[in-house]
Amino acid sequence: MSKIDHSLFSAHEHALEREFELCPECGSELSVRHSKHGSFVGCNNYPNCQYTRPLVQHESIETQVIEGSACPECGHELAVKSGRFGIFIGCTQYPQCHHIEKLDQAAPEEAVACPVCKAGLMEHRTNRYGKGFYACSCYPKCKFLVNYPPVAETCPDCGFGLLVQRKGASGTRLECPNKPCKYKRPL
């Protein structure tokens with residue numbers, strides 16, 4: 001270990017951190033900068049020049065109108081769009097109409113009523129990291145959610161309105177999502 005040249009690890013500049021481009025606004029050099037949100041390219045004349053751009057240019061698709069389609073809410077055409085969670089189909093009249101086509105319409109699941117508010121249904125949703133969960137359709141009035149697929153069956157121990165289906169090393173089982181209840185049954 002004594003043969004390692006430690007001066008190599010103390011270098012402040014990395015070879016890739018020089019962009020060798022000129023700023024389009026002021027003419028100074030550009031370099032790679034780092035922030036808590038990730039890396040970006042910024043002007044070396046920073047306080048005087050505010051020019052920045054993303055390090056990686058993402059491909060953005062243009063909105064493509066689907067001919068012959070109609071929005072069920074307002075009647076205007078639907079279009080293929082690109083958003084924060086990827087590509088989706090939505091209404092062309094976006095600020096006025098917020099209709100978005102759901103992908104799981106082809107395979108309808110068994111409707112499970114929300115055990116807390118008893119007004120909404122449990123529907124599959126995806127968080128911003130891509131992980132799926134099941135939440136009440138009456139959100140934000142009802143904030144009940146579970147991380148596993150719900151089953152329309154009442155818990156025999158505590159009487160909670162639904163059970164969840166979990167997969168483990170021992171196989172699939174039904175569990176009560178109510179924290180104090182420890183009910184489990186193999187499926």
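In this predicted model, a strand is a DSSP run of E with at least two residues, a helix is a run of H or I with at least four, and both are numbered from the N terminus.

View 1. Reading from the N terminus, the elements follow one another as β-β-β-β-β-β-β-β-β-β-β-β-β-β. The chain has 187 residues, and 23% of them count as buried. Its accessible surface comes to about 14300 Å², with 54% of that belonging to carbon and sulfur atoms. Take the contacts between residues at least 6 apart in sequence: 15% of these join residues at least 24 apart.

**View 2. Here is H99, a residue in the loop between β7 and β8.** The loop that holds H99 has β7 (86-91) on one side and β8 (122-126) on the other. Is H99 buried or exposed? H99 counts as buried because its relative accessibility is 11%, and the cut-off for buried is under 20%. The side chain of H99 makes a polar contact with the side chain of E101, at 2.7 Å. Leaving aside residues up to four places away in sequence, H99 touches C71, P72, E73, L78, G90 and C91.

**View 3. Strand β9 pairs with β8 and with β10.** Start with β8 and β9, which pair in the antiparallel sense over 5 bridges. These two strands form a hairpin with 5 residues between them, and G130 in the turn has a positive phi of about 90°. To follow the pairing residue by residue, find E123, which stands opposite A135 in β9. A135 also stands opposite L145 in β10. The strands β9 and β10 (residues 145-146) run antiparallel and are joined by 2 bridges. Why is β9 described as largely enclosed by the rest of the structure? The reason is that 4 of the 5 residues of this strand (residues 132-136) are buried.

**View 4. Four strands make an open sheet.** The order across this sheet is β11-β12-β13-β14, and the pairing is antiparallel. At the edges stand β11 (150-151) and β14 (184-186); each has a single partner strand, so one side of each is left without a neighbour in the sheet. Strands in a sheet pair through backbone hydrogen bonds, in a parallel or an antiparallel way. For β12 (residues 163-168) and β13, the antiparallel pairing extends over 5 bridges.

**View 5. A closer look at E175, a residue of strand β13.** This strand covers residues 171-175. E175 counts as buried because its relative accessibility is 8%. Which side chain does the side chain of E175 meet in a polar contact? The partner is the side chain of R173, at 2.5 Å. Not counting residues up to four places away in sequence, E175 touches L163, V164, R166, Y183 and K184.

Note on methods. Residues numbered from 1 in each chain as written. Predicted model: local features only at pLDDT ≥ 70, side-chain atom pairs only at ≥ 80, totals over all residues. Heavy atoms only, no water. Buried < 20%, exposed > 50% of the residue type's maximum accessible area, 1.4 Å probe, protein only. Polar contact = N/O pair within 3.5 Å; in protein donor to acceptor, adjacent residues only side chain to side chain. Contact = heavy atoms within 4.5 Å. Areas by Shrake-Rupley, 256 points an atom, 1.4 Å probe, with all protein chains shown as cover. Pairing = 2+ DSSP bridges.
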